[in-house]
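Here are my notes on the model, point by point. Please read them with the structure open.

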Amino acid sequence: MKIGVLALQGAVAEHMKSITLAGGEPVAVKRTEQLQELDGLIIPGGESTVIGRLMRKYEFVDALHDFAAQRKPMFGTCAGMIVLAERIEGQEEAHLKLMDMTVARNAFGRQRESFETDLSVQGIDETVRAVFIRAPLVTAVGPEVEVLSTYKDEIVTVRQEHLLACSYHPELTHDYRMHSYFLDMAREARG
């Protein structure tokens, strides 16, 4: 399974390592034409405003809409979750508007309030190690969005058919089960 990591900004190398550990073949995606060869795509954490600006500059917005329209799985982590969201609290304009959810940026506080925890994620047997750094959270979901995990009653992992998103950084741990889960989604999508 070829899994791309959008390599415009953010934790690209860490995701690529996790994909490899999960049994996939990682691809650093820097050009839109690379999307054609992929079975799935991860939009990494970083700074959502910068990622959005770079997606527009390098003409990724339409290409990513086409990718999603082909029902190819996409996984947004931290800033990637914000990029996938249909609505962002306090902002008039969202980025890709693919997932029927509202997100709040930096909902868990500033950098110094970062933390790690173990989360129960629906579809994964044991708890998943999660790193929260200036993390967003989901404040509302539409009827098609399935909540996979919460932290202190706040929604932090969601799935909408072929789209997956989490508030945290699974790539910053030695636990690659979220990446394995995503690879399974890509396998299902490929048939």
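**Notes on the predicted model**

1. Cys78 is buried, at 5% relative accessible area; buried means under 20%, exposed over 50% and partly exposed in between, with a 1.4 Å probe and protein chains only. Cys166 is buried too, at 0%. This is a predicted model, in which local features need pLDDT of at least 70 and side-chain atom pairs count only at pLDDT 80 or more, while totals for chains, interfaces and linings use all residues. Residues are numbered from 1 along each chain as its sequence is written, and side-chain values use heavy atoms, with hydrogens and water left out.

2. Cys78 returns in the largest pocket. Its lining has 14 residues, and Gly46, Cys78, Ile133, Arg134 and His169 lie nearest the centre. A pocket here is an open set of points on a 1 Å grid over the protein atoms alone, where a 1.4 Å probe fits, with protein on both sides within 12 Å along at least five of seven lines; lining residues have an atom within 4 Å of a point. The volume is about 190 Å³, taken as the space filled by probe spheres set on the points, which are joined across faces, edges and corners.

3. What is the make-up of that lining? Five residues are nonpolar, six polar and three charged. Asp, Glu, Lys and Arg count as charged; Ala, Val, Leu, Ile, Met, Phe, Trp, Tyr, Cys and Pro as nonpolar; the others, Gly among them, as polar.

4. Look next at strand E3, residues 40-43. Gly40 and Ile42 on one side are buried, and so are Leu41 and Ile43 on the other. Helices (H or I, at least four residues) and strands (E, at least two) are DSSP runs, numbered from the N terminus.

5. E3 has parallel partners. Strand E1 (residues 2-6) pairs with E3 over three bridges, and Ile3 stands opposite Gly40. Strand E4 (residues 74-77) is also joined to E3 by three bridges, with Ile42 opposite Phe75. Pairing requires at least two DSSP bridges between the strands.

6. Five aromatic pairs are found. Rings of Phe, Tyr and Trp (its six-membered ring) pair if their centres lie within 6.5 Å; planes under 30 degrees apart count as stacked, over 60 as edge-to-face and the rest as tilted. Phe75 and Phe182 are tilted, because their planes are at 40 degrees, with centres 5.4 Å apart. Phe75 is in E4 and Phe182 in helix H5 (residues 177-190), 107 residues apart. Both are buried.

7. Phe132 and Tyr168 make another tilted pair, 5.5 Å centre to centre and 50 degrees between planes. Phe132 lies in strand E8 (residues 128-132) and Tyr168 in the loop between strand E12 (163-166) and H5, so the pair ties together parts 36 residues apart in sequence. Both residues are buried. Ring pairs link Phe115, Phe132, Tyr151 and Tyr168 into a cluster.

8. Check two backbone angles. Arg71, in the loop between helix H3 (60-69) and E4, has a positive phi near 65 degrees. Arg71 is partly exposed, at 42%. Asp153 has a positive phi of about 70 degrees and is exposed, at 75%.
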